[in-house]
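Dear colleague,

Please find the structure below, together with its sequence. My notes on the findings follow, and I would be grateful if you read them with the model open.

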Amino acid sequence: MLFYSTRNKENKKTVSQAIVQGLAEDGGLFVPEYFPQIDWKSLDKNLNYSQFASTILADYFVGDVLESQLANICQNAFNFPLPLVKLNDNTFIMELFQGPTLSFKDFGARFLAECMSRLSKDRKTIIIVATSGDTGSAVASAFHNKPNVNVIVMFPTGQISARQEQQITCWGDNILALSVNGTFDDCQKIVKQSFNEEWWKQQAHLSSANSINIARLLPQLTYYAYVSWQYYLEHGTDVGFVIPTGNVGNSTAAYWAKAMGFPIREICLATNANRVISDYIASGKFEPKSSIATIANAMDVGNPSNFERLLHLHGSEHGKFTQNVNSISVSDKIIRQTIQEVKQKHNYIVCPHTATGYYARQQLSDKPWIIAATAAPSKFETVIEPIINEKLTVAPQLAELLNKATHKVTVNPVMSEVQQAYANNNK
Ligand SMILES: *Cc1c(COP(=O)(O)O)cnc(C)c1O
């Protein structure tokens with residue numbers, strides 16, 4: 001199996017090459033040559049999550065240097081539970097937030113770190129990553145003290161929650177936290193620019209841990225595959241997914257699981273007030289905008305990177321895209337109302353991102369839907385506590401990080417300042 005760039009079918013790499021490189025030379029994103037068709041009805045029902053994941057990902061690693069280590073990579077990466085909570089007969093919540101930093105980003109970041117540390121044995125790698133809140137902590141936690149890897153996490157100053165910031169800045173050692181005076185899109189732009197800069201090439205091998213990296217997407221498709229499989233085993237029907245969406249990585253992974261034949265009926269993307277996808281569906285024009293700050297901050301993305309992969313999957317035809325992709329944009333006001341409604345109706349607490357998914361689900365058919373719960377509510381206590389009038393319980397893995405001392409450097413969204421901060425940190 002090889003992977004090629006969305007911008008050039010001839011530019012082919014093995015999975016490890018694509019992981020190490022991050023972004024293709026031509027600026028495109030790596031996608032698999034084809035989607036292996038999994039005969040999921042014949043899978044052993046007793047497989048645990050990591051066994052299931054390594055079974056269905058095996059075809060992507062055939063012939064690659066990591067092939068023989070895939071089972072071990074999955075076992076180390078996916079070492080936390082994945083509960084499915086029933087709200088009513090046709091609405092379920094898939095809790096993707098039980099990992100060490102309490103968001104679904106732990107699945108991708110931990111898998112990537114397992115791959116990258118095996119691929120960096122003989123040379124130093126710098127991982128540069130932009131975060132709208134949760135990627136940064138997941139990547140920092142996954143890579144902390146991994147030998148031969150230095151990580152730079154850039155987050156927009158003042159636009160992430162205090163607890164998200166704490167989870168990014170509490171590491172030190174090989175993790176450099178940069179507070180950037182700008183937006184998430186400014187941070188993301190610097191990541192992309194870095195790949196064209198000689199300066200970085202002279203420091204070490206540069207790679208990215210954003211969802212442009214294929215090693216983030218492959219692990220993410222495993223939970224859609226696993227949960228749809230489990231749902232089928234129990235209910236005998238396929239199921240739809242509603243996915244809170246920002247940079248479109250998580251939802252692209254769901255489409256990939258569907259393309260592999262898993263029993264996924266349809267997929268709906270819930271967004272906050274950043275509505276480029278809804279606008280594309282309505283108009284056929286993809287018009288990136290500056291991101292708008294919302295209370296579902298991890299989804300504050302105006303120019304979603306993985307949109308290119310989603311377009312590629314649907315052959316860039318607007319008609320085919322709109323047949324397969326539905327998107328519902330949700331305002332902050334409705335997010336607040338929804339948090340309250342879910343608490344009252346179901347005695348369940350959703351984070352602001354997951355609230356967009358719940359609201360979107362209410363607009364959809366009465367067929368069964370699973371809402372992806374992307375983060376734990378306790379990361380967003382300043383938003384949620386006043387709405388539900390109740391103190392949130394802090395998950396033990398968060399409590400531990402809240403007690404640690406923090407380190408960060410503040411910079412402007414300018415390449416030279418980022419380089420300077422890195423140089424000072426690695427003297
Ligand atoms: C990152 C994130 C999202 C958005 O996921 P994308 O893959 O960027 O679309 C949604 N919710 C939470 C809590 C996140 O951390």
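Which element gives the largest share of the lining of the largest cavity? Helix α10 does, with three residues.

Before the details, two remarks on the source. This is a predicted model, in which local features need pLDDT of at least 70 and side-chain atom pairs count only at pLDDT 80 or more, while totals for chains, interfaces and linings use all residues. Residues are numbered from 1 along each chain as its sequence is written, and side-chain values use heavy atoms, with hydrogens and water left out.

Cavities

The structure holds four cavities of 30 Å³ or more. A cavity here is a set of points on a 1 Å grid over the protein atoms alone where a 1.4 Å probe fits but cannot get out, and lining residues have an atom within 4 Å of a point. Points are joined across faces, edges and corners, and the volume is the space filled by probe spheres set on them.

The largest cavity has a volume of about 250 Å³. It is lined by 28 residues, of which Phe 104, Lys 105, Gly 246, Asn 247 and Ala 298 are the closest to its centre. The elements that give two or more residues to this lining are α5 (134-143), α9, β10 and α10 (249-259); helices (H or I, at least four residues) and strands (E, at least two) are DSSP runs, numbered from the N terminus. By class, the lining has ten nonpolar, 15 polar and three charged residues, where Ala, Val, Leu, Ile, Met, Phe, Trp, Tyr, Cys and Pro count as nonpolar, Asp, Glu, Lys and Arg as charged, and the others, Gly among them, as polar.

The second largest cavity has a volume of about 40 Å³. Gln 188, Val 191, Lys 192, Asn 210, Ile 212, Asn 247 and Ser 305 line this cavity.

Ser 305 is found in the loop between α11 (276-283) and α12 (307-313). With a relative accessible area of 7%, Ser 305 is buried (under 20%; exposed is over 50%, partly exposed in between, with a 1.4 Å probe and protein chains only). Neighbours within four places in sequence aside, Ser 305 is in contact (heavy atoms within 4.5 Å) with Leu 29, Gln 188, Lys 192, Ile 212 and Asn 247.

Helix α7 (residues 184-194) has among its buried residues Gln 188 and Val 191. The cover over the buried residues of α7 includes β6 (125-130), β7 (149-156), β8 (175-180), α8 (198-203), β9 (205-208) and α18 (415-425).

Aromatic rings

A search of the whole structure finds 25 aromatic pairs. Rings of Phe, Tyr and Trp (its six-membered ring) pair if their centres lie within 6.5 Å; planes under 30 degrees apart count as stacked, over 60 as edge-to-face and the rest as tilted. Tyr 223 and Tyr 224 form a tilted pair, because their ring centres are 5.0 Å apart and their planes lie at 55°. The rings of Tyr 224 and Phe 241 also have centres 5.0 Å apart, but their planes are at 85°, so this pair is edge-to-face. The pair links distant parts of the chain, with Tyr 224 in helix α9 (residues 214-235) and Phe 241 in strand β10 (residues 239-244), 17 residues apart. Both Tyr 224 and Phe 241 are buried.

Yours sincerely

Terms used
On a 1 Å grid over the protein atoms alone, a cavity is a set of points where a 1.4 Å probe fits but cannot get out, and a pocket is an open set with protein on both sides within 12 Å along at least five of seven lines; lining residues have an atom within 4 Å of a point.
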